[in-house]
Amino acid sequence: MTNSAFSSNAAHSISSAISTDPDTIKPDTFHFMLPPSQRPTFIPLKEELHPAFGWLTKNRSRSRRRDVFESIDTIVIHATAGYATKHAVDTWKERKASAHWIIPDENETEHGHFIWATVAEAKAAYHVGHVDYEPILGEGPNVNDRSLGVELVNTQNVQYFRDPYSQWQIEMLARIVLYAWAKYPNLRHVISHAKLDPSRRSDPGENFPWEAFKHKVLTHSVLEERHPLVLEANTSTVTSETDSLNLAVTNRAGHCCEP
Ligand SMILES: [Zn+2]
């Protein structure tokens with residue numbers, strides 16, 4: 001796990017949940033395109049390899065039919081319908097299922113700190129079993145061969161237990177999309193599982209704030225500003241060359257903005 005200014009931003013928004021209006025949220029309409037002209041440059045990801053990463057990559061994924069950088073044009077948003085990462089991983093082991101990342105829920109110790117990488121991006125994970133309407137993505141191979149899959153841990157109101165998504169979860173999801181957009185030159189579609197398979201799936205569910213998420217991605221607003229201390233370094237009471245150097249090093253390491 002690495003530290004960065006990004007984590008302090010995340011930390012102070014951990015406790016706030018995003019409210020949505022269930023009457024207007026329809027997960028089977030969630031889909032937007034990434035405009036090539038706004039593609040970000042390299043974005044680091046705060047991820048840890050899940051203890052099951054090796055097993056899942058070996059046993060719950062397959063080789064992509066083409067080169068990974070050529071293949072990936074879609075990222076699919078899922079939710080687990082449970083309240084713990086462990087439940088999702090156990091289910092994947094029992095069934096033939098998987099995804100590339102899991103974003104933990106508020107009651108998990110990883111929440112606010114890092115996301116789990118669960119399958120290698122180079123491999124096709126088994127996250128979309130069936131597609132009702134393939135032409136949504138245009139011509140191309142099977143959805144799993146051309147996509148990355150992200151799971152958010154969320155109950156999706158199963159048994160009437162309302163479980164809003166946290167700000168941190170939405171920020172991590174936006175950050176994964178920006179990371180992948182920067183890395184994979186053909187990535188265009190950001191889409192819900194529900195839109196791909198509306199007769200069987202409703203994830204990420206009616207609590208998911210799609211418009212807020214889309215805005216964060218398209219405005220790159222979850223990324224820390226570049227060189228935030230340049231002005232401060234020029235105008236504050238830096239007393240020696242060494243202090244100035246330390247400040248620059250601290251800034252580059254991203255430890256500058258802890259509250
Ligand atoms: Zn799903």
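**Close-up views of a predicted model**

**View A. The buried residues of helix α8.** In this predicted model, helix α8, which spans residues 210-218, has W210, F213, K216 and V217 as buried residues. Seen down the axis of α8, these buried residues fall within an arc of 130°, so they line one face of the helix. An α-helix has 3.6 residues a turn, so residues three or four places apart point the same way. The packing partners of the buried residues of α8 are helix α6 and strand β9 (189-192). Just after α8 comes H220, which takes a positive phi of about 55°.

**View B. The largest nonpolar core.** This core has 52 residues, and those that touch the most other members are I103, V150, L173, V177 and A180. Helix α6 (residues 167-183) supplies the largest share of the core, with eleven residues. Once neighbours within four places in sequence are set aside, V150 is in contact with I75, I77, H78, A99, H100, W101, I103, L173 and I176.

**View C. The surroundings of R39.** R39 is placed in the loop that runs between strands β1 (31-33) and β2 (47-49). When residues up to four places away in sequence are not counted, R39 touches W181 and A182. The C-alpha atom of R39 is separated by 10.0 Å from that of A180, although the two residues are 141 residues apart along the chain.

Definitions and conventions: Residues are numbered from 1 along each chain as its sequence is written. This is a predicted model: local features need pLDDT of at least 70, side-chain atom pairs count only at pLDDT 80 or more; totals for chains, interfaces and linings use all residues. A nonpolar core is a set of buried Ala, Val, Leu, Ile, Met, Phe, Trp, Tyr and Cys residues joined through C-beta atoms within 7 Å. A residue is buried if 20 or more other C-beta atoms lie within 10 Å of its own, exposed if 12 or fewer, and partly exposed in between; C-beta atoms are placed from the backbone. Helices (H or I, at least four residues) and strands (E, at least two) are DSSP runs, numbered from the N terminus. Two residues are in contact if their C-beta atoms, placed from the backbone, lie within 7 Å. The arc is that of the directions from the helix axis to the C-beta atoms.
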